[in-house]
Amino acid sequence: MNWNILIIEDEKPAARLLQRKMQKLGYEIATLLHSVESAIEWLTKNPHPDLILLDIQLSDGLSFEIFEHVTLQSAIIFTTAYDEYALKAFKLNSIDYLLKPIDEDELQKAMEKFEKNHAKSSTIPLAQLQQLLMPKTDSVSYKKRFTIKVGEHLKIFPIEQIQCFYSENKATYLQTLEGRNYLLENTLEQLEQMLDPQLFFRINRSCIVHLSEIQDIIAYTNSRLKVVLKKPFPEDLIVSRERVNEFKEWLQ
């Protein structure tokens with residue numbers, strides 16, 4: 001299928017290089033734009049393309065400004081030399097987030113993901129499909145609080161006060177917003193069934209994070225992602241490679 005694809009990139013040599021890489025993959029690019037202003041003007045006057053390859057830092061501002069003026073109907077693949085905008089990009093329903101210099105294999109994977117999601121108008125996004133397959137909320141009761149014995153006392157921790165759950169040396173702990181850790185009797189596998197999947201996500205074998213406690217998401221080696229929580233965690237929290245795509249869907 002011939003897709004209508006737009007590149008928005010302020011550096012003209014970089015735009016042409018990306019255009020050549022796309023042509024090498026079999027995609028033709030009809031239009032190149034180089035600024036926030038020109039993008040807003042073009043998108044206001046023309047039908048929106050199927051896909052936009054969008055640089056984040058343009059000559060006259062951040063490309064996020066485009067979303068403030070135009071309600072985009074297009075899928076987005078962000079291309080940038082900076083990783084600090086990853087979380088915001090994911091929240092804007094992007095297909096992918098590619099760091100410069102753009103690797104052709106990563107570009108091809110992003111395009112395969114785009115085609116898979118958009119080849120059929122009836123395609124249901126993964127996050128939406130998971131919600132449809134889940135039992136109705138009136139028949140599911142997720143854990144609202146944890147009660148833990150500390151010495152002779154019982155401490156109650158509402159879900160809102162928990163930053164993450166993690167396993168270490170075959171034991172499971174919860175970490176509070178204050179950074180304090182408490183031993184649990186449950187395994188992470190058991191916790192996955194007890195926690196609301198809209199609020200919590202298991203990023204790897206040893207950690208489940210709370211959505212509201214994610215401060216930043218950073219591109220990491222081997223196509224993985226690093227999660228930074230609001231309260232520092234003693235070790236790097238890395239989204240395992242096989243969970244990256246599902247994690248991105250969960251963020252949206």
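Is V227 buried or exposed, at 3% relative accessibility? The close-ups below come from a predicted model, and the first one takes up that residue.

**View 1. V227 in strand β16.** V227 sits in β16, the strand that covers residues 224-229. Its relative accessibility is 3%, so V227 counts as buried, given that the cut-off for buried is under 20%. Setting aside neighbours within four places in sequence, V227 has contacts with I214, D216, L237, V239 and F247. Take V239 from that list: V227 and V239 are twelve residues apart in sequence, and their C-alpha atoms are 7.2 Å apart in space.

**View 2. T79 in strand β6.** Here we're looking at T79, part of β6, which runs over residues 75-80. With a relative accessibility of 2%, T79 counts as buried because that value falls under 20%. What does T79 touch, not counting residues up to four places away in sequence? The list is E9, L18, L54, D55, I56, L98, K100 and I102.

**View 3. Helix α1 packed with helix α5.** Two packed helices are described by the angle between their axes and the distance between the axes. For α1 (residues 12-24) and α5 (residues 104-118), the angle is about 65° and the axes are 11 Å apart. That angle makes α1 roughly perpendicular to α5. The crossing of α1 past α5 is right-handed. On the α1 side, L18, K21, M22 and K24 make the contact, while α5 brings in E104, L107 and M111. Sort the residues of this contact by type and you get four nonpolar, three charged and no polar.

Methods. Residues numbered from 1 in each chain as written. Predicted model: local features only at pLDDT ≥ 70, side-chain atom pairs only at ≥ 80, totals over all residues. Heavy atoms only, no water. Helix = DSSP H or I, 4+ residues; strand = E, 2+ residues; numbered from the N terminus. Buried < 20%, exposed > 50% of the residue type's maximum accessible area, 1.4 Å probe, protein only. Contact = heavy atoms within 4.5 Å. Axes fitted to C-alpha atoms, helices over the stretch in contact; angles between N-to-C directions. Parallel < 35°, antiparallel > 145°, perpendicular 65-115°, else oblique. Left-handed = near helix turned anticlockwise from the far one by under 90°. Nonpolar A, V, L, I, M, F, W, Y, C, P; charged D, E, K, R; others polar.
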